[in-house]
Amino acid sequence: MYYIQKESWDNMVLNQKEGWIEVITGPMFAGKTEELLRRIKRLEYAKKNIVVFKPLIDNRYADSDVVSHNNNKTKSVNINTSEEIFLHIDKETDVVAIDEVQFLDNKTPKVIDHLASLGKRVIVSGLDMDFRGEPFSFMPMLLSMAEYVTKLSAVCVECGTPATRTQRIINGRPARYLDPIVLIGASESYEARCRKCHRVHRKPKLYKGKI
Ligand code: TTP
Ligand code: MG
């Protein structure tokens with residue numbers, strides 16, 4: 001838990017006129033990171049003061065960069081918990097950006113909401129669903145709190161239609177429903193799929209039969 005001096009937060013509120021939450025979401029291979037980087041670049045041209053964060057869990061490419069599949073990148077601060085964000089921003093910060101936000105802790109929606117109330121523009125990108133096709137952690141809450149939501153789709157590797165889900169493949173087979181939610185990876189373990197082509201081994205069926 002981090003305690004911030006009340007005076008400094010009050011000053012922040014006084015100095016900021018606006019704040020809101022933007023969420024970029026969708027399955028893997030949809031270009032979420034690319035879209036986040038595009039928005040960051042535009043704001044850099046406008047000389048905005050931006051701090052970019054990334055959960056420490058994702059070390060696929062580099063330790064202190066957010067990197068897209070196209071190898072675009074920007075410097076980022078690695079954090080273990082959402083409250084660490086407060087240690088890296090001040091009243092001069094205009095924009096807080098977070099990639100792979102779904103990996104942060106459950107306090108994240110509250111922290112982000114607080115930042116927006118203080119006048120920060122908060123732009124986050126993250127998976128809306130896990131490999132089972134179920135909501136990823138606190139993402140539903142964040143999506144409902146956001147002023148702006150951009151839901152991107154990928155392309156289904158099986159049938160070529162828009163892909164809204166992420167297929168996890170283990171040893172050439174669909175992963176099991178009870179496998180751990182977190183498994184860092186890219187195309188060696190994941191594919192983009194549409195609803196029809198998405199498979200989860202032993203996923204419980206709530207309703208059986210046809211209408
Ligand atoms: P993403 O950034 O969502 O994947 P991406 O870079 O392919 O997508 P985009 O181009 O849209 O930015 O990273 C997802 C990470 O989450 C990746 O390391 C795999 C991991 N992951 C899990 O741990 N559990 C899951 O259930 C799923 C679907 C992904
Ligand atoms: Mg990404």
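**Entry 1: Ile85 and the cores**

I began with Ile85 in this predicted model; leaving aside residues up to four places away in sequence, Ile85 touches Phe53, Ile79, Val96, Ile98, Val111 and Leu115 (contact: heavy atoms within 4.5 Å). I noted the conventions: residues are numbered from 1 along each chain as its sequence is written, chains are lettered from A and ligands numbered from 1 in the order in which they are written, and side-chain values use heavy atoms, with hydrogens and water left out. Local features need pLDDT of at least 70 and side-chain atom pairs count only at pLDDT 80 or more, while totals for chains, interfaces and linings use all residues.

I then looked up the largest nonpolar core and found 29 residues, with Ile85, Ile98 and Val101 having the most contacts inside it. Such a core is a set of buried Ala, Val, Leu, Ile, Met, Phe, Trp, Tyr and Cys residues joined through side-chain atoms within 4.5 Å. Buried means under 20% relative accessible area, exposed over 50%, and partly exposed in between (1.4 Å probe, protein chains only). At least two residues of this core come from each of β1 (20-26), β2 (50-55), α3 (85-88), β6 (95-98), α4 (108-117), β7 (121-127) and α5 (139-145). The largest share, four residues, is that of α4. Apart from this core I found another, of eleven residues, including Ile24, Val52, Val66 and Ile123.

**Entry 2: the chain as a whole**

I recorded five helices and 13 strands, taken as DSSP runs (helices H or I, at least four residues; strands E, at least two; numbered from the N terminus). Of the 211 residues, 47% count as buried. Among contacts with a separation of 6 or more, 74% join residues 24 or more positions apart.

**Entry 3: ligand 1**

Which residues come nearest to ligand 1? I found Lys32, His69, Phe131, Ile181 and Leu183, out of 24 residues around the ligand (a residue is near if one of its heavy atoms lies within 4 Å). By class, this shell has 13 nonpolar, six polar and five charged residues. Here Ala, Val, Leu, Ile, Met, Phe, Trp, Tyr, Cys and Pro count as nonpolar, Asp, Glu, Lys and Arg as charged, and the others, Gly among them, as polar.

I listed oxygen atoms of ligand 1 at 2.7 Å from a polar backbone atom of Lys32, at 2.9 Å from a side-chain N or O atom of Thr33, and at 2.8 Å from a polar backbone atom of Leu183. Taken alone, ligand 1 exposes 630 Å², and the protein buries 98% of that (Shrake-Rupley method, 1.4 Å probe; for residues, only the protein chains shown count as cover). The elements giving two or more residues to the shell are α2 (32-45) and β11 (165-170).

I located Ser68 in the loop between β3 (65-67) and β4 (73-75). Ser68 counts as buried because its relative accessibility is 3%. Beyond four places in sequence, Ser68 touches Thr33, Glu34 and Leu37.

Beyond four places in sequence, Glu35 touches Ile24 and Leu152.

**Entry 4: Glu18**

I placed Glu18 in the loop between α1 (6-15) and β1. Not counting residues up to four places away, Glu18 touches Gly119 and Lys120.

How values were computed. A polar contact is a pair of N or O atoms within 3.5 Å; within protein, one must be able to donate a hydrogen and the other to accept it, and residues adjacent in sequence count only if both atoms are side-chain atoms.
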